[in-house]
Amino acid sequence: MNVIEINGLTKTYGTSRGINNISFNVEEGEIFGFIGPNGAGKSTTIRTLLSLIQPTGGSAKIFGKDCVDYAPEIAKDVGYLPSEVFYYDNMKVMDLLKYSASFYKKDCSGRIKELAKKLDLDLTKKIDDLSLGNKKKVGIIQGLLHEPKLIILDEPTSGLDPLMQQTFFDLLKEENRKGATVLFSSHILSEVQRMCDRVAIIKEGEIVQVEKISTLKENNHKKFKIEVKNEVEAGYFDMPGVNNLEVHEHHISFLFRGDINEVMKKIAEIDISNLWIEEPDLEEIFMHYYEKEA
Ligand SMILES: Nc1ncnc2c1ncn2[C@@H]1O[C@H](COP(=O)(O)OP(=O)(O)OP(=O)(O)O)[C@@H](O)[C@H]1O
């Protein structure tokens, strides 16, 4: 079952582009990455899904219901962490969270304490006295306190130190194991690679690819590093499918896509002392993709 269905969604801001004809689905139980550089349209898509802004074209459904027509009903089961959080500084953290919980007609006090403990957040402090990272934690608890079926996170890790990012990821994975679906927007590829099952890549307001992380890695280049006993001429590995060829004395490296036997035959004809064949990380795939499409 699809928890999110986006169909030709378009949002223009006057004459300026927001998103153009976006379509993708997020299945129940997935951790789905939404990745692209700054200004690509991630926040616009998310804000349209949440009916914080109205689409100028197309439509989207959450839990099978139209996002515009059923916005209040959908909101009960969605947890949202915006990319930037703003609060009334004078409030105490606990009071703010109790206020947020009051929208959901269920007792969330135990859950608030449990999340605060996990994230190491002092509920008795005033918002004003919190660091940026601690304010972010308040936002995380706000997003999760009602145990939503769908968690939507817009650049969630900014402001969190690496240790806290790990705690946060563990928390998300736990929610996911309990059944929550997660839409995770980011421009940081390594965290999407670590967290997500599938990913939609957005560029200049349009989706350029929707793919499983594993397929994205498999179908792309392999990274070859070869140490040769005797120097080979620079063009030896210059063949179809080879990119980024670098030859430095006894060390050769390149990216390859195609029939791996062809490379292995070339390697078998020379005297090597070592060989590494590696999966490129998502960062390398992504850079290549963007260069290719540019
Ligand atoms: N309120 C607005 N008025 C006019 N243009 C806007 C507005 N909000 C966003 N845009 C434009 O829409 C495009 C997409 O922006 P959006 O914020 O959705 O991107 P993003 O991928 O979330 O990037 P970032 O990570 O920088 O927020 C950009 O070109 C941006 O300038």
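# Burial, backbone and strand pairing

Me: Which residue follows α1, and is its phi positive or negative?

Reply: The residue after α1 is S51, and its phi is positive, near 60 degrees. This value, like the others discussed here, belongs to a predicted model. As background, most residues other than glycine have a negative phi.

Me: Why is α1 called largely enclosed by the rest of the structure?

Reply: The description rests on burial, for which a residue needs 20 or more other C-beta atoms within 10 Å of its own. Seven of the eight residues of α1 are buried, so the helix is largely enclosed by the rest of the structure. The buried residues are K42, S43, T44, T45, I46, T48 and L49.

Me: What makes α1 part of the shell around the ligand?

Reply: The helix, residues 42-49, supplies at least two residues of that shell, as does β2, residues 16-27. The shell holds 15 residues, and Y13, N38, K42, S43 and T44 are the closest. By class, ten residues of the shell are polar, three are charged and two are nonpolar.

Me: Why is N21 called partly exposed?

Reply: N21 has 13 C-beta neighbours inside 10 Å. Exposed residues have 12 or fewer and buried ones 20 or more, so with 13 N21 falls in between and counts as partly exposed. N21 lies in strand β2, and its phi, near 55 degrees, is positive in a residue other than glycine.

Me: How do you know that F63 is partly exposed and not buried?

Reply: F63 has 19 other C-beta atoms within 10 Å. Burial requires 20 or more, so F63 is partly exposed. F63 is found in the loop between β4 (57-62) and β5 (65-66). Its phi is positive, about 50 degrees, although F63 is not a glycine.

Me: What makes β2 and β5 edge strands?

Reply: The open sheet has four strands in the order β2-β1-β4-β5, with antiparallel pairing. β2 and β5 each have a single partner strand, so one side of each is left without a neighbour in the sheet.

Me: What makes β9 and β10 a pair, and in which sense?

Reply: β9 (residues 198-203) and β10 (residues 206-212) are linked over six bridges in the antiparallel sense. Since at least two bridges are required, six bridges qualify them as a pair. K203 stands opposite E206 in β10. The hairpin has two residues between its strands, and E204 takes a positive phi near 45 degrees there.

Me: Why is I127 called partly exposed?

Reply: I127 has 19 other C-beta atoms within 10 Å. I127 is found in the loop between α4 (109-119) and α5 (132-144).

Me: How do you know that I127 is in contact with V138, when they are 8.8 Å apart, C-alpha to C-alpha?

Reply: The 8.8 Å refers to C-alpha atoms, and the two residues are eleven residues apart in sequence. Leaving aside neighbours within four places in sequence, the contacts of I127 are Y87, Y88, D89, M91, V93, L96, K135 and V138.

Me: Which residues have the most contacts inside the largest nonpolar core?

Reply: They are F32, I62, I141, I152, V182, L183 and F184, in a core of 53 residues. Apart from this core lies another of seven residues, including I226, F237, F256 and V263. I152 touches I46, L49, L50, V78, Y80 and L183, not counting residues up to four places away in sequence.

Me: Which domains divide the chain, and how many Å apart are their C-alpha centres?

Reply: Domain 1 covers 2-216 and domain 2 covers 220-293. Their C-alpha centres lie 39 Å apart. The C-alpha trace of the chain spans about 70 × 40 × 35 Å along its principal axes. There are ten helices and 14 strands in the chain, and buried residues make up 31% of its 294 residues.

Key. Residues numbered from 1 in each chain as written. Predicted model: local features only at pLDDT ≥ 70, side-chain atom pairs only at ≥ 80, totals over all residues. Near = placed C-beta within 6 Å. Nonpolar A, V, L, I, M, F, W, Y, C, P; charged D, E, K, R; others polar. Domains from an automatic or database assignment. Contact = placed C-beta atoms within 7 Å. Core = buried A, V, L, I, M, F, W, Y, C linked by C-beta atoms within 7 Å.
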